[in-house]
Amino acid sequence: MFKINENYLKLPGSYLFSTIAKKVNAYTAANPDKKIIRLGIGDVTLPLAPAVIDALHGAVDEMGKKETFRGYAPDLGYEFLRSAIAEHDYRARGVEIAIDEIFISDGAKSDSGNIGDIFATDNRIAVCDPVYPVYVDTNAMAGRTGDYIAAEERWSNVIYMPCTEENGFAPQLPDEEPDIIYLCFPNNPTGSTVTKPELQKWVDYANRIGAVIIYDAAYEAYISEENIPHSIYECDGAKTCAIEMRSFSKNAGFTGVRLGFTVIPKALRAGDVQLNSLWARRHGTKFNGAPYIVQRAGEAVYSEEGQRQTKEMVAFYMNNAKVIREGLAAAGYSVSGGVNAPYIWLKTPEGMTSWQFFDYLLETVNVVGTPGSGFGPSGEGYFRLTAFGTYENTLEAIERIKKL
Ligand SMILES: *Cc1c(COP(=O)(O)O)cnc(C)c1O
């Protein structure tokens with residue numbers, strides 16, 4: 001008789017977004033005349049850039065002609081896209097990444113979830129708290145996290161690195177030694193970043209103890225300050241300890257199109273085994289390539305018009321972020337994020353819990369955000385607003401909150 005992967009049974013229910021939806025639906029049913037403004041969404045809202053649309057149309061036409069039709073894409077991605085990435089994302093910042101160190105995929109969520117395939121089950125992971133839930137849940141599925149302790153909202157075998165106001169929402173080097181360290185900067189949900197010297201400390205630490213860093217740089221395009229690294233490979237020695245993941249979702253609005261990539265330098269080894277070749281084997285065996293059409297769209301992001309248009313999209317969201325951050329600060333809230341990330345992380349007033357503040361905002365000003373406690377126990381007492389709404393709604397939401 002077959003047996004299931006019982007690790008799945010240990011996973012706690014993920015009620016965050018369904019609870020939010022239920023509460024909002026109940027409120028609108030009881031108050032049909034009220035205009036709700038949603039600043040809880042973690043998804044982009046602007047349409048794709050014209051340069052991307054042109055590339056998509058062009059590639060669709062190619063697929064309709066015998067001479068230019070393409071079947072399976074190369075496992076690791078088309079060279080035209082991998083060279084554009086190596087050039088624009090890395091060489092332009094003084095980092096040499098070879099094209100066979102770049103693996104094209106359908107997004108950073110799958111990559112950050114799948115990367116565990118190449119690591120042993122008895123590795124110990126360290127994550128930030130609060131955290132993007134994918135890192136922990138996928139390790140739980142693989143049996144790497146021990147048991148879930150419901151009362152503490154924690155896994156018994158995970159090293160949690162609290163990111164709170166006290167440490168400027170930047171994790172401290174952990175007391176216990178991890179094997180795999182997940183870092184995400186600019187961060188979802190806190191919107192925080194680390195400077196290059198701060199990130200260098202993590203690289204040095206990982207090299208010293210023989211750990212690997214999984215670096216999620218999905219929000220790299222939102223960095224506006226000078227001293228913030230765009231890639232972990234800007235740090236010395238990162239090629240021997242870090243895997244970097246990127247996505248076209250947030251910089252170019254590909255959340256519904258699907259495209260991302262993972263970088264694994266050949267210098268990253270366990271003994272004499274290159275992680276690059278393990279991932280190449282995994283990718284080639286379990287993934288048949290991102291669609292040709294989508295890879296052409298990704299290439300267009302790096303064109304001159306593509307860069308200009310996608311930078312305008314990011315600037316639009318970041319203007320919303322500014323409205324939220326400055327408006328809330330003026331209203332006396334303690335806010336962070338929103339400078340190098342589309343997320344604003346605020347402290348709930350008067351000691352309210354994250355969910356109490358959620359209800360309060362929904363019922364008094366009809367604004368929806370995301371309770372920080374949904375991202376981990378250290379998120380309790382915090383609340384996330386996103387810059388992905390329309391300008392008008394963002395402005396109105398903040399005006400309403402200011403009047404409270
Ligand atoms: C949105 C997001 C991603 C991107 O995921 P895709 O699968 O590429 O859409 C990755 N990491 C974090 C932390 C995110 O918030």
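Which residues surround the ligand, and which of them are the closest? In this predicted model, local features need pLDDT of at least 70, side-chain atom pairs count only at pLDDT 80 or more, and totals for chains, interfaces and linings use all residues. Residues are numbered from 1 along each chain as its sequence is written, and side-chain values use heavy atoms, with hydrogens and water left out.

The ligand has 14 residues around it, and the closest are Tyr219, Ser247, Ser249, Lys250 and Arg258; a residue belongs to this shell if one of its heavy atoms lies within 4 Å of the ligand. Sorted by class, the shell holds six nonpolar, four polar and four charged residues (Ala, Val, Leu, Ile, Met, Phe, Trp, Tyr, Cys and Pro count as nonpolar, Asp, Glu, Lys and Arg as charged, and the others, Gly among them, as polar). Two helices, helix 5 (108-114) and helix 8 (249-252), each supply at least two residues of that shell; helices here are DSSP runs of H or I with at least four residues, strands are runs of E with at least two, and both are numbered from the N terminus.

A polar side-chain atom of Arg258 sits 2.6 Å from a ligand oxygen. Taken alone, the ligand exposes 380 Å², and the protein buries 93% of that (areas by the Shrake-Rupley method with a 1.4 Å probe).

Just after helix 11, Gly332 has a positive phi of about 95°.

Most residues other than glycine have a negative phi, and most peptide bonds are trans. Phe169, in the loop between strand 6 (158-162) and strand 7, has a positive phi near 60°. Phe185 and Pro186 are joined by a cis peptide bond with omega of about -10°, and the bond from Asn188 to Pro189 is also cis, with omega near 15°.

Definitions and conventions: Polar contact = N/O pair within 3.5 Å; in protein donor to acceptor, adjacent residues only side chain to side chain.
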